[in-house]
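User: Hi! Could you take me through some of the labels used for this model and the cut-offs behind them?

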Amino acid sequence: MRDILDIERILNDYNLHLSLEKGMSDNTLKAYGRDIRKLLAYLAAENIGLRDVTIDTLRFFIGELHDIGIAERSQARIVAGIRSFFHFLDMEDYLHPNPSELLETPKIGLHLPEVLTQEEIDAMIAAINPDKAEAQRDRAIIETLYSCGLRVSELTGLEISKIFPDEGYLVIRGKGNKERIVPMSEASLSEISDYLTDRSLLNIKPGAENILFLNRRGGRMTRERVFQIVQSLAREAGIRKTISPHTLRHSFATHLLEGGANLRAIQQMLGHESIATTQIYIHLDSSTLRSDILAFHPRNRRQD
């Protein structure tokens, strides 16, 4: 295996490989190049080296693309590019094994994403080992992802100063650096309050003082770590669906809509730029939709 990874040289060699050996057009070369740079930017943000990439890393990257509204057809093209790129790296002896071999192509066409029931979400929380030092943190993570419908990047960047427990809401800085107000359920407020007690015992690293969710070393959690926690708890709970942190966001939106919440209110709560992104959740007759979002919050309706 080659010892040094010169990314720009690798990209240049890969481009030549596609052009000379695969005979790809200029437009296709440019599209593949843009897609690979998206992946490399994601890896850099997560502090993951090329040789440390796993199948879960790639699946989570594709999940992030879905999160920001990239269409399934574009996701399929990006997956094809990722497979091609890692096949090239493997063939040229830059890394072994090829982590993209089992990467699935997103199904093209309009379909509802995987959704968890409230009972399944409760089962995930119940599966948390209470003897673990991070037990209360993980409870708060699952509850906040679901009850507030957050993107995982919004969860890992959530600041304590942006939580207003007396008023019952938090402020999220989402895509495009835009802020939005998100109402909180009693369950999420309670779990976060309990977690703050545990958090106060950590040796918090400089720069993470205002970040809510921390790892055991007192630093910021990565999105991939949250991904691992969610998948592990789903397995422990006996859930066989293919899920990620984004599944909790999907479930939240679906449960709100099923309860009768207004689609525009859900759009604002989720931070979607376009109502078209939110409309994937419409699988009920539009006559059932009403306006008051908190009245239909899944965690507030559970005792009805």
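Analyst: Happy to. This is a predicted model, where local features need pLDDT of at least 70, side-chain atom pairs count only at pLDDT 80 or more, and totals for chains, interfaces and linings use all residues. Residues are numbered from 1 along each chain as its sequence is written, and side-chain values use heavy atoms, with hydrogens and water left out.

User: Where is Gly 157 found?

Analyst: Gly 157 lies in the loop between α7 (152-156) and β1 (163-164). Helices (H or I, at least four residues) and strands (E, at least two) are DSSP runs, numbered from the N terminus.

User: Why does Gly 157 count as partly exposed?

Analyst: Buried means under 20% relative accessible area, exposed over 50%, and partly exposed in between (1.4 Å probe, protein chains only). Gly 157 has 27% relative accessibility, so it counts as partly exposed.

User: What is Gly 157 in contact with, leaving aside its neighbours within four places in sequence?

Analyst: Gly 157 is then in contact (heavy atoms within 4.5 Å) with Ile 211 and Arg 220. The C-alpha atoms of Gly 157 and Arg 220 are separated by 8.1 Å, although the two residues are 63 apart along the chain.

User: Why is α6 called oblique to α10?

Analyst: The axes of α6 (residues 135-148) and α10 (residues 245-259) cross at roughly 40° and come within 7 Å. Because angles under 35 degrees count as roughly parallel, over 145 as roughly antiparallel, 65 to 115 as roughly perpendicular and the rest as oblique, α6 is oblique to α10. Those axes are lines fitted to C-alpha atoms, for helices over the stretch in contact, with angles running from 0 to 180 degrees between N-to-C directions.

User: How do you know that the span of α6 agrees with its 14 residues?

Analyst: The expected span is 1.5 Å times one less than the number of residues. For α6 that gives 20 Å, and its end C-alpha atoms are 20 Å apart, so the two agree.

User: What makes α6 mostly covered?

Analyst: Of its 14 residues, 13 are buried.
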